[in-house]
Amino acid sequence: MSAYDAIVVGLGAAGSATAWQLAARGLRVLGLDRFRPPHDHGSSHGRSRIIRQAYWEGPSYVPLVLDAYERWHRLEQASGVDLLRITGGLMIGPADGAVLSGSLASARAHNLPHEILEAAEMRRRFPDFVLAAGEAALFEPLAGVLRPEAAVAAMLARAAAAGALLRFEEPVLDWTATAEGGVRVRTAAGTVEAARLVLAAGSWMAQILPRGCPQLAVERLVVAWFGRPAGASGAGATAQPIWIRQLPDGRELYGLPELEPGEGLKAAFHNVRTPSDTTVADQPAQPTELAAIDDALRRYCPGLAGPLLAAATCRYTSTADSHFLIDRLEGQPQVVLVSACSGHGFKFAPTIGAAAADLAIKGQTDLPISGFSLARLSAAHGG
Ligand SMILES: Cc1cc2nc3c(=O)[nH]c(=O)nc-3n(C[C@H](O)[C@H](O)[C@H](O)COP(=O)(O)OP(=O)(O)OC[C@H]3O[C@@H](n4cnc5c(N)ncnc54)[C@H](O)[C@@H]3O)c2cc1C
């Protein structure tokens, strides 16, 4: 018999959630991470993450995000830590643009509370934003901000409390399937066996995926924090909504309010990224990259554009269609892949963990994740 029922490789957002769910269901779980999570080397750092319901990327995400809200609330209760602040959210752009029209489609399809705000109403309620002719905003009252480092720590604490053994600073070097249908995993510290394997290595996934798996794009993204401009109008900095704005040139600028006074508003371009090499640390944010965010803020959200306070980089790991990858490995059903959240997966973490645990234990899940299959990527990849 293997020493463990399941080994989880990578304990960031996806892996910590999966380890927690597996251990909570009574499995003997070993979680391994190359660093000491929560850390700032991968994709789950930077103090804040958006959570929203009127999902412009597709109405099929809405049941998943509604499930995630419930799980975040239960995690807050179980851990006694504040993880989620409801701020409301603005999805801004041209009426026929993907952000606004996609949000509206999701809100209508799932009967979500929302309002459409034209330029005059925006000026009255959210004077920090300037709208051009033909632009509008969808306001959703239940959008908010998650604290990613605290959330990963809370999920790891729940996993450990449920009996999972978590080993940090122990990179997984490789793994093989055993003749008995389990797995043998080689780490920097030795070899360990289990009945099941969950691969949740984020931007390092390519290093532990078998050859022939569809490629995942790993990219570096720059985020920056800005103070309030002198004499700023509008609500106080901590009372702002989250917002995503599709600019006329196609860039998607987004912002999150500060969670702690003085921390600053966080802003970044969702779709301005550079390739990342996971074998070395990413290049720090460059002055030109920060100037681009600053310029866009001044032009489109002048009430928010104060002095630059800080900057960071973070990694997106994306599939070819920007949807997630949560599936069992073809031909090796004891191996579950849970990754490639394509820059928008944090909000779903506890639901992703539950789905991955279902796949690892039962081979299927009632959660609607059929759109995240490996097969759809393999077909597109020609393999
Ligand atoms: C700047 C930025 C902003 C974002 N904003 C949002 C947002 O507002 N809302 C939202 O929902 N999502 C957002 N996302 C996306 C979201 O944060 C990610 O989808 C999510 O954090 C990815 O989690 P992960 O577990 O896949 O990766 P990670 O959290 O990076 O975890 C992977 C883990 O695997 C470990 N690991 C890797 N290789 C090995 C190995 N060989 N052996 C052992 N351990 C290993 C790593 O150390 C790491 O801890 C954002 C992402 C970025 C970068």
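Q: In which loop is S322 found?
A: In this predicted model, S322 has a positive phi of about 65° although it is not a glycine. Most residues other than glycine have a negative phi. S322 is found in the loop between β18 and β19 (325-329).

Q: Does S322 count as buried, partly exposed or exposed, and why?
A: A residue is buried with 20 or more other C-beta atoms within 10 Å of its own, and exposed with 12 or fewer. S322 has 16 C-beta neighbours inside 10 Å, and therefore it counts as partly exposed.

Q: Which peptide bond is cis, with omega near 0°?
A: Most peptide bonds are trans. The loop between β2 (29-32) and β3 contains P38. The cis bond, with omega near 0°, is the one from P37 to P38.

Q: What is the strand order in the open sheet of three strands?
A: The edge strands are β3 and β4 (84-86), each of which pairs on one side only. β4 is joined by three bridges to β8 (residues 144-146), and these two run antiparallel. The twist averages 30° from one strand to the next. The order of this open, antiparallel sheet is β3-β8-β4.

Q: Which residue in β8 is the bridge partner of R85?
A: Strands of a sheet pair through backbone hydrogen bonds, either parallel or antiparallel. β4 and β8 run antiparallel and are joined by three bridges. The partner of R85 in β8 is V145.

Q: How many residues of β14 are buried?
A: I242, I244 and Q246 point one way from the strand, and they are buried. W243 and R245 point the other way and are buried too. For β14 (residues 242-246), the number of buried residues is five of five.

Q: In which sense, parallel or antiparallel, do β14 and β15 pair?
A: β14 and β15 form a hairpin with five residues between them, and G250 in the turn has a positive phi of about 95°. Within this pair, W243 stands opposite G255 in β15. Over four bridges, β14 and β15 (residues 252-256) pair in a sense that is antiparallel.

Q: Which residue in β14 is the bridge partner of M91?
A: β5 (residues 89-94) and β14 pair in the parallel sense over four bridges. In β14, the partner of M91 is I244.

Q: What distance separates the centres of domain 1 and domain 2?
A: The protein is divided into domain 1 (4-44 + 149-214 + 321-381) and domain 2 (86-145 + 217-318). Their contact takes eleven residues from domain 1 and nine residues from domain 2. The side of domain 1 that touches domain 2 has three nonpolar, eight polar and no charged residues. Taken over C-alpha atoms, the separation of the centres is 30 Å.

Q: How many residues surround the ligand?
A: The shell draws at least three residues from each of domain 1 and domain 2. Among the elements that give two or more residues to the shell are α1 (13-24), β13 (217-226) and β18 (308-318). The shell divides into 21 nonpolar, 14 polar and five charged residues. The closest residues are G10, G12, G42, G202 and C314, and the number surrounding the ligand is 40.

Terms used: Residues are numbered from 1 along each chain as its sequence is written. This is a predicted model: local features need pLDDT of at least 70, side-chain atom pairs count only at pLDDT 80 or more; totals for chains, interfaces and linings use all residues. A residue is near a molecule or strand if its C-beta atom, placed from the backbone, lies within 6 Å of it. Ala, Val, Leu, Ile, Met, Phe, Trp, Tyr, Cys and Pro count as nonpolar, Asp, Glu, Lys and Arg as charged, and the others, Gly among them, as polar. Domain bounds come from an automatic or database domain assignment. Two residues are in contact if their C-beta atoms, placed from the backbone, lie within 7 Å. Two strands pair if DSSP finds at least two bridges between them. Axes are lines fitted to C-alpha atoms, for helices over the stretch in contact, and angles run from 0 to 180 degrees between N-to-C directions.
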